[in-house]
Amino acid sequence: MFTPAAWLALGLAASSKLAAAQQAGSFAQVGNTQVSAMMMFLGNEEKVYILDKTEGNAAQIDGHPAWGAAWDVNTHSAQVMEVLTNSFCASGMHLPNGSYATFGGNNAIGPLGSTGNVGAGAYDSTYGDYDGRKSIRILNPCTSADDMSSAQCQWFDNATVLSMQKLRWYSAAEALGDGSIALIGGFVSGGYINRNYPNTDPEYEGGAAEPTYEFFPSKGPATVMNFMITTSGLNSYAHTYLMPSGNMLIQANISTVLWNPETNVETPLPNMPGGVARVYPASGAVAMLPLTPANNYTPTVIFCGGSDMPDEYWGDYNYPNYNTWTYPASKDCQRLTPEPTDGSSPVYVSDDDMLEGRTMGQFIILPDGTLLVINGGENGTAGYAQATGQTPSYSLMPYGESLASGPVGTPAIYNPNLPAGSRWSNAGLSNTNIARLYHSSALIMPDATVMIAGSNPNVDVNLTTIFPTTYTAEIFYPPYFSASKRPTFSGAPQTLSYGGSSFDLTVPSGVYSGSSNAAAANTTVVLLRGGFTTHAMNMGQRYLQLNNTYTVNSNDSITLHVAQVPPNPNIFTPGPALMFVVINGIPSNGTMVIVGNGQVGVQPTQAATVLPVSAQNPSGSSSGSGSSSSTNSASGSSHTGAIVGAVIGAIAVIGILGALFGIFVARRRRAASRQHPAAAYAMKATGDGYGSGASRGRATDDRVRHSDSSAFVPLQQDNSSTSWNASNTSLHSPYRDTYGREGADYDPYNSDGAVQHSSGQRL
């Protein structure tokens with residue numbers, strides 16, 4: 001919870017805030033994102049790209065509100081970008097050449113969430129947005145050296161040219177080893193959870209649910225996935241992780257499967273212990289733990305927080321049946337290794353509880369191999385509404401439209417390598433005074449800080465409600481910023497291959513603390529992909545430690561001999577990543593590299609190279625003074641890592657749509673002049689336009705949802721004195737907004753009982 005002592009004085013000058021933020025464990029407010037950051041991804045070392053839902057942002061572009069922006073990492077300023085379709089609750093993923101794609105969204109909307117006024121939601125003439133539910137948007141990241149206004153640097157967003165087969169909102173997206181992307185499930189249009197109640201049609205929900213999967217680029221017709229039926233209700237933004245075998249871990253509701261994308265065969269795994277839901281809107285923090293030679297690149301996924309609300313509390317498309325903001329979020333954590341290499345069966349293993357319960361908490365993997373959890377609330381769920389089954393009137397909603405309360409302002413760090421019972425800590429970590437609830441986002445940055453932005457549990461822009469539309473970005477400085485020195489390195493290649501010849505990196509003397517021999521022995525090289533962040537998730541986030549040995553030179557510089565990526569693209573799919581060198585737990589700046597050949601298709605692989613034996617300097621000296629390690633850094637013993645698995649089956653090379661070929665041309669990423677290192681496990685040697693008919697546009701409230709967005713209804717508020725802050729609001733003194741109006745589309749509804757599937761699923 002936020003405390004008054006945690007407040008940063010809002011009147012401080014930006015330079016003062018930035019200076020204060022450089023203290024380890026602190027936050028700094030760094031600028032205005034222009035659009036609320038519902039979605040973010042790091043395009044290169046200079047630009048973060050931001051997407052919002054279509055709404056009435058003050059920032060304008062081409063005569064209508066903007067809902068896209070490019071954030072400059074160096075200047076902390078945002079430049080709005082044109083996005084044509086409504087990207088509300090889209091999914092997203094990297095492409096092999098470093099571009100990014102986003103998928104789906106919602107129908108066109110106008111002010112206060114009204115359905116687009118042209119073609120039944122096809123377009124809205126006030127906000128200027130098109131229906132985004134089938135959209136595939138492609139962006140080729142650019143830098144300030146490029147013409148940011150050129151078509152090459154703008155979103156390609158034209159569903160008449162490039163689109164999915166199905167309407168998808170809240171779909172999952174996961175990259176495969178050939179660089180293609182699996183798109184799974186989703187709503188057809190807006191709602192709280194993906195079901196009617198009673199749930200008599202768990203497959204299609206009367207046309208409101210989409211139970212199929214498809215691929216981008218296409219590999220054939222969209223096909224029904226049985227898992228989307230058995231998890232009906234709580235299967236939005238399913239958690240997906242590609243495994244070394246080519247199978248995919250999928251978790252939703254309380255069920256877990258391994259799914260074969262080639263055959264559509266599902267292998268059931270154990271249910272989530274305790275009946276804790278982790279997917280939206282329970283929104284637990286979920287991440288794959290670092291892949292290292294020490295763990296033989298065997299994936300383990302950690303699930304923390306979310307909600308164990310009973311089935312009848314969840315309600316339906318309209319809203320929850322329960323006053324969710326009074327229901328404590330879970331603090332439970334579970335680990336799962338879906339493909340054990342010792343012949344055992346997969347099983348959930350209870351891990352240390354979080355320090356507090358969180359819904360909408362988000363895991364950010366740090367370069368030192370620890371995991372930061374940030375954002376979220378202690379009570380309730382994601383989503384927003386103007387009523388519940390227990391609160392029939394918006395005027396009685398205590399936190400505006402928010403279905404969560406108790407913002408958690410203090411982050412925590414999870415160290416997967418510490419003994420059980422000691423893995424969580426928030427020692428030395430400051431609080432933020434900005435509530436980061438629904439539609440918040442967070443992302444690792446090239447300088448190893450974490451950017452936090454967004455929060456908007458509102459149907460349209462609302463600056464005066466208790467949890468308002470938020471445009472202020474923050475930077476969080478992890479504990480390793482306490483180091484007096486940070487490593488630098490040179491020699492990073494622009495591209496990495498799957499197996500093949502090793503490469504050398506050079507770390508100069510004087511950029512690390514302690515003796516050169518000790519520093520070299522505790523140096524690692526890691527690839528870190530921050531992913532596409534939205535809704536407390538980072539789609540595609542993954543950490544891979546490369547195998548390395550070292551030579552300590554007579555001048556105390558260190559030459560790192562580094563292996564290529566393990567020769568199995570399923571372990572780390574082709575595309576962009578930051579390379580860090582970490583010494584004694586202190587990371588360098590990251591350098592952007594491309595893994596793979598930059599194309600969609602079977603990735604070339606070669607055998608892993610045997611690295612030279614590590615060599616110390618007999619007269620190695622101390623190269624500096626100061627802290628030699630970060631308190632929370634991960635550590636591990638030297639280990640010779642065998643490469644797990646081989647490339648799974650040949651996948652036909654897939655051609656990209658001709659009209660977009662220029663966007664997909666593999667381009668070499670500019671290497672940044674900034675360099676910084678990373679450490680976790682010491683190593684040793686081993687053997688635009690739409691059709692001319694388009695103009696620059698509320699749904700029914702029947703109990704069965706038929707592809708509308710009436711769960712998101714108009715709101716009016718105009719009293720700034722009711723805005724939330726850490727000093728005048730608490731869970732025990734609920735906020736009541738008397739300036740809003742009750743949503744006309746909401747019908748008070750009380751469940752008379754839960755429908756329970758024989759498998760135990762919440763339906």
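Reader: Which residue forms a salt bridge with Lys-53?
Author: Glu-55 does. The closest N and O atoms are 3.0 Å apart. Keep in mind that this is a predicted model.

Reader: How many salt bridges does the count come to?
Author: The count comes to 14.

Reader: What does Arg-542 meet in a salt bridge?
Author: The side chain of Glu-174, at 3.7 Å from N to O. Glu-174 lies in strand S11, residues 172-175, and Arg-542 in strand S38, residues 542-546. The pair therefore ties together parts that are 368 residues apart in sequence. Both Glu-174 and Arg-542 are buried.

Reader: Which residues do shared partners join into one network?
Author: Glu-46, Lys-47 and Asp-72, through their salt bridges.

Reader: New topic: sheets. What order do the strands of the open sheet with S11 take?
Author: S11-S12-S13-S14, four strands with antiparallel pairing. S11 and S14 stand at the edges, each with a single partner strand, so one side of each has no neighbour in the sheet.

Reader: How many bridges pair S12 with S13?
Author: Four, in the antiparallel sense. S12 covers residues 181-184 and S13 covers residues 212-216. Ile-181 has Phe-216 in S13 as its bridge partner.

Reader: Now S8. Which of its residues are on which side?
Author: Ser-91 and Met-93 are on one side, Gly-92 and His-94 on the other. Those four are all buried, which leaves both faces of S8 covered.

Reader: Why the split into two sides?
Author: Because side chains in a regular strand alternate between the two faces of the sheet.

Reader: What does S8 pair with?
Author: Strand S9, residues 100-103, in the antiparallel sense over four bridges. Met-93 stands opposite Ala-101 in S9.

Reader: And what sits between the strands of that hairpin?
Author: Five residues. In this hairpin, Gly-98 takes a positive phi near 100 degrees.

Conventions:
Residues numbered from 1 in each chain as written. Predicted model: local features only at pLDDT ≥ 70, side-chain atom pairs only at ≥ 80, totals over all residues. Heavy atoms only, no water. Buried < 20%, exposed > 50% of the residue type's maximum accessible area, 1.4 Å probe, protein only. Helix = DSSP H or I, 4+ residues; strand = E, 2+ residues; numbered from the N terminus. Pairing = 2+ DSSP bridges. Salt bridge = Lys/Arg side-chain N within 4 Å of Asp/Glu carboxyl O.
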